[in-house]
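Thanks for coming. I will go through one structure today, starting with a loop and then moving on to the helix packing and the core.

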Amino acid sequence: MRKKIIAGNWKMNMTPSEAVALVNELKPLVACEDADVVFCVPAIDIIPAVEAAKGSNIEIGAENMYFEEKGAYTGEISPNMLVDAGVKYVIIGHSERREYFAETDETVNKKVLKAFEHNMIPIICCGESLKQREQGITIDWIRQQIKIAFLNVTADQAKTAVIAYEPIWAIGTGKVATTEQAQEVCAAIRCCIGEIYDEATAEAIRIQYGGSVSASSAPELFSQPDIDGGLVGGASLKPDFGKIVNWH
Ligand code: PGA
């Protein structure tokens with residue numbers, strides 16, 4: 001039985017002092033034993049958020065990371081910096097990073113390998129555009145993203161990974177994928193992992209749905225056999241996140 005994982009993606013929101021206030025506000029609301037709860041926060045909020053989350057079930061994650069260890073990469077954050085700050089999860093390849101910051105499937109793969117090397121769990125994002133969905137190539141597209149993201153990743157590493165399926169047209173739009181659409185793609189991702197590795201790896205890996213998840217849509221989505229939780233943007237900044245975590 002896979003444990004659900006519900007992660008907030010704060011994106012570029014919350015100053016350090018606002019982050020502390022939000023963690024303190026949500027702490028009692030997201031208390032939950034049967035799901036992993038992660039707040040992925042802006043880099044500058046990581047240290048105060050880790051401090052504020054102490055003693056709670058909240059793990060603090062990062063929203064991005066660079067794939068080199070150190071050096072002349074102005075403005076980037078290294079894996080060691082994240083680990084030293086107390087980070088266990090890192091979002092890799094969010095569609096906003098792909099769209100605005102030139103992330104490719106290849107850089108995603110490099111970052112995924114680095115995250116594992118440093119014992120962090122990557123939350124690997126994939127998802128199709130509206131055009132791709134209308135062209136009928138959603139599953140082909142997602143399979144390609146997954147196959148490249150997992151190049152040179154071992155089965156033991158893959159078993160611990162988290163994949164977030166986020167249709168781009170559903171992110172921040174209030175337009176949630178239907179339960180059937182979300183389940184169909186998450187099942188296809190699990191099948192793809194089974195082809196790359198084996199049945200045991202496919203059964204172990206956790207696959208989230210993301211894209212306008214709310215307290216009202218979460219219960220049906222999270223009840224699907226291949227949906228192991230959610231990656232939540234807008235609603236993770238509100239008390240509603242407590243309802244999403246405690247969806248059942
Ligand atoms: P949203 O964002 O919940 O605001 O649609 C999800 C995400 O981008 O991870």
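Start with S56, which sits in the loop that links α2 to β3 (58–62). Before going further, please keep in mind that this is a predicted model. S56 has a relative accessibility of 25%, so it counts as partly exposed; the cut-offs for that class are 20% and 50%. In sequence, S56 and K27 are 29 residues apart, and their C-alpha atoms are 6.8 Å apart in space.

Now the helices. Two packed helices are described by the angle between their axes and the distance between the axes. I will give both for each pair.

The pair to begin with is helix α1, residues 16–26, and helix α2, residues 46–53. Their axes come within 9 Å and cross at roughly 25°. An angle under 35 degrees counts as roughly parallel, so α1 is roughly parallel to α2. The crossing of these two helices is right-handed. Which residues of α1 and α2 meet? On the α1 side they are P16, V20, V23 and N24, and on the α2 side P48, A49, A52 and A53. Sorted by class, the contact of α1 with α2 has seven nonpolar residues, one polar and no charged ones.

Next comes helix α5, residues 105–117, against α7. Here the axes come within 8 Å, and the crossing angle is roughly 40°. That angle makes α5 oblique to α7. α5 passes α7 in a right-handed crossing. From α5, the contact is made by D105, E106, V108, N109 and V112; from α7, by Q144, Q145, I148 and A149. The residues of this contact divide into four nonpolar, three polar and two charged.

While we are on α5, one of its residues deserves a word. K114 is found in this helix. Is K114 buried or exposed? Its relative accessible area is 13%, and the cut-off for buried is under 20%, so K114 is buried. Setting aside neighbours within four places in sequence, K114 is in contact with M65, F67, E69 and P79.

Back to α7, which also packs on α9. Helix α7 covers residues 138–149, and its axis lies 10 Å from that of α9, at an angle of about 45°. The two helices are therefore oblique to each other. α7 passes α9 in a right-handed crossing. In α7, the residues involved are T138, I139, I142, R143, I146 and K147. They meet E184, V185, A188, I189, C192, I193, E195 and I196 in α9. The contact of α7 with α9 has nine nonpolar residues, one polar and four charged.

In soluble globular proteins, nonpolar side chains tend to be buried together. In this model, the largest nonpolar core has 67 residues, and F39 and F150 touch the most other members. Which helix gives the most to this core? Helix α9, residues 179–196, does, with six residues. Another core lies apart from it, with twelve residues, among them I121, C125, V162 and A164.

To finish, the neighbours of F39. Not counting residues up to four places away in sequence, F39 touches G8, W10, V23, L26, V30, I58, E59, I60, G61 and F241. One of these, V23, is also among the α1 residues that meet α2.

How values were computed: Residues numbered from 1 in each chain as written. Predicted model: local features only at pLDDT ≥ 70, side-chain atom pairs only at ≥ 80, totals over all residues. Heavy atoms only, no water. Axes fitted to C-alpha atoms, helices over the stretch in contact; angles between N-to-C directions. Helix = DSSP H or I, 4+ residues; strand = E, 2+ residues; numbered from the N terminus. Parallel < 35°, antiparallel > 145°, perpendicular 65-115°, else oblique. Left-handed = near helix turned anticlockwise from the far one by under 90°. Contact = heavy atoms within 4.5 Å. Nonpolar A, V, L, I, M, F, W, Y, C, P; charged D, E, K, R; others polar. Core = buried A, V, L, I, M, F, W, Y, C linked by side-chain atoms within 4.5 Å. Buried < 20%, exposed > 50% of the residue type's maximum accessible area, 1.4 Å probe, protein only.
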